[in-house]
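Work through the exercises below with the sequence and the structure side by side. Try each task before reading its solution.

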Amino acid sequence: MKTKMETTDANTGASTDSKDDATGDTIGESIENFWEKPLAELNENEWELLCDGCGRCCLKKFVNVDNDETVYTRIICRYYDESLHHCTCYEDRVNKVPDCLNVKTMNIQLSNWMPDTCAYRLRFENKPLYSWHPLIAGSRSQMEDEDIAVLGKVISEEYVHPDGFEEHVIRWITT
Ligand code: SF4
Ligand code: SF4
């Protein structure tokens, strides 16, 4: 497979450590069904809560120049903590990983780089969240049933030679 981007990760607009409790106290600071508002109208708290912490955006990916398809691998950024499902260097992420993109700067081109389940991409495209999203379902259990999170299915980039990325292409994430 020919690739035109050997980058990389990722994209997160949120410090995902609050995503376990996407409902409850934190949501009390936000208006009801805020996730239906346009992204530009979300306050900081609402923006953070929108992320489901799936980790999919932190996987390495390529663009196949033969067909312009974005192809995901199961290789995940070294700074992603699988068990806590969040970035371990969130505040400093763009310094540590220059290709780590911020969904706050998302445009049409960047949105295609994100998984099609991503809450930010969905709302950017004016689509509703999936019913399994913790904000709607009330917990992460439906999200787990749908196998959305990367937990247990990925390998850290620390253990993969850069020349071997193409051996880890996956098809369970689409864009
Ligand atoms: S630096 Fe953090 S947010 Fe960026 S790709 Fe790595 S784990 Fe994900
Ligand atoms: S893909 Fe979207 S919803 Fe999932 S962790 Fe990344 S930014 Fe959050």
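**Exercise 1.** Find the residue in S2 that is the bridge partner of Asn-64, and then describe how S1 and S2 pair.

*Solution.* In this predicted model, begin at Asn-64, whose bridge partner in S2 is Glu-69. Next, take the two strands as a whole: S1 covers residues 59-64 and S2 covers residues 69-76, and the two pair in the antiparallel sense over five bridges. Another position to look at is Phe-62, which stands opposite Val-71 in S2. Finally, turn to the hairpin that S1 and S2 form, where four residues lie between the strands and Asp-68 takes a positive phi near 65°.

**Exercise 2.** Determine whether S2 and S5 run parallel or antiparallel, and state how many bridges join them.

*Solution.* First locate S5, which consists of residues 155-156, and then follow its direction beside S2: the two strands run parallel and are joined by two bridges.

**Exercise 3.** Describe the chain as a whole by its elements, its buried share and its contacts.

*Solution.* Start by counting the elements, which gives six helices and five strands. Then read their order from the N terminus, which is α-β-β-β-β-α-α-α-α-α-β. For burial, apply the cut-off of 20 or more other C-beta atoms within 10 Å of a residue's own; by this criterion, 33% of the 175 residues of the chain count as buried. Last, consider the contacts with a separation of 6 or more, of which 68% are between residues 24 or more positions apart.

Key
Residues numbered from 1 in each chain as written. Chains lettered and ligands numbered in written order. Predicted model: local features only at pLDDT ≥ 70, side-chain atom pairs only at ≥ 80, totals over all residues. Buried ≥ 20, exposed ≤ 12 C-beta atoms within 10 Å, placed from the backbone. Contact = placed C-beta atoms within 7 Å. Pairing = 2+ DSSP bridges.
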